[in-house]
Amino acid sequence: MASKCVHKGCGKEFSNADEDCVYHPGPPVFHEGQKGWKCCKPRVLTFEEFLTIPPCTTGKHSTVDDTPVEPAQPAPENAAAEIPAPQRVTAEPSRPAAAPAVAPTPPAPATPVPEEPEDDDPSLEIPANATCRRKACNAGYDPSIPREEEKCVHHPGQPIFHEGSKGWSCCKKRVLEFDEFLKIQGCQERTKHLFVGKGKPAGEEKVETVRSDFYQTPASVNVSLYLKKIDKEHAKVNFSGNSIDFDLPTTDNKRFKDTYSLFAPIDPEKSQFRVLGTKLELTLAKADGTSWPVLRSDDKWSGERIQIGNAGRV
């Protein structure tokens, strides 16, 4: 008989106890707007991104929640220090002054929960494995069901985590455990799911420009190009004596292609690059030791040069 794994991030049904399980062994962490798992490093800002953080541990499926419980911190030994008894002071009772009557301030009206405005663009094709984007719905696309007969039960509000309780701003139910929070049923129903929204047509999105900065040493120029989710397997950076060719696809269907004409020549053989989570790092080996006031030859600069090393005598 199939059982459901209770590990966080897994939740699969299994019948083979020796099957590998990829999950988060630690509890969720919500601190100062950031969200993540205690067992791994990724931190995100939105709840949707939090739900997509990939599990970090491989083990075996389980029907028992074995998330470690943090031990309670012991109270300090000298917490109950002796407090001197307060001295009794006798004073003449004074008659309170009559306060002027103040009209009670009417309570501020509750902020209405905004209605989800998005609907699927009828001109876009819905993928076969699409899942409803509305919070807590998670319904899969079934082409055999007419769109007008779809019932989307979801939460139009935002998740709320306050003093240990968890819930949604659009309804009153509050729970303590994160697993129970994920099971809170939607409080609003509407016709048609939201599978693609006002999405963009199929095809890559062209990234026109990216932000960059650099610093230099006597032998190299160190450059950072800020572009998230670069596909390491397909990223191409070609160095030549006076330029760099970039072809940087991303995992979210974007691509940045450009050629940088450099301020001064470099040594292509000694230059290198590294792909990180939010940027591309370049180490450009200078060919002649020139100080670079700007990165690209077409960048504007003030005409000042930074002298590196000892100036030669005339």
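Reader: Leaving aside its neighbours within four places in sequence, which residues is S62 in contact with?

Author: S62 is in contact with K4, C5, V6, H7 and F14 once its neighbours within four places in sequence are set aside; contact means heavy atoms within 4.5 Å. The model is a predicted one, in which local features need pLDDT of at least 70 and side-chain atom pairs count only at pLDDT 80 or more, while totals for chains, interfaces and linings use all residues. Residues are numbered from 1 along each chain as its sequence is written, and side-chain values use heavy atoms, with hydrogens and water left out.

Reader: Why is S62 called buried?

Author: The relative accessible area of S62 is 17%. Buried means under 20% relative accessible area, exposed over 50%, and partly exposed in between (1.4 Å probe, protein chains only). S62 is therefore buried.

Reader: Where is S62 placed?

Author: S62 is in the loop between strand 7 (57-60) and strand 8 (151-154). Strands (E, at least two residues) are DSSP runs, numbered from the N terminus.

Reader: Why is K192 called partly exposed?

Author: K192 has a relative accessible area of 34%, and therefore counts as partly exposed. K192 lies in the loop between strand 12 and strand 13 (205-207). The phi of K192 is near 75°, a positive value in a residue other than glycine.

Reader: How do you know whether R190 is buried or exposed?

Author: The relative accessible area of R190 is 17%, so R190 is buried. R190 belongs to strand 12 (residues 188-191).

Reader: With which side chain does the side chain of R190 make a polar contact?

Author: The partner is the side chain of D119, at 3.2 Å. A polar contact is a pair of N or O atoms within 3.5 Å; within protein, one must be able to donate a hydrogen and the other to accept it, and residues adjacent in sequence count only if both atoms are side-chain atoms.

Reader: How many bridges join strand 16 to strand 17?

Author: Four bridges join strand 16 to strand 17 (residues 243-249), and the two run antiparallel. Two strands pair if DSSP finds at least two bridges between them. The bridge partner of K236 in strand 17 is D247, and three residues stand between the two strands of this hairpin.
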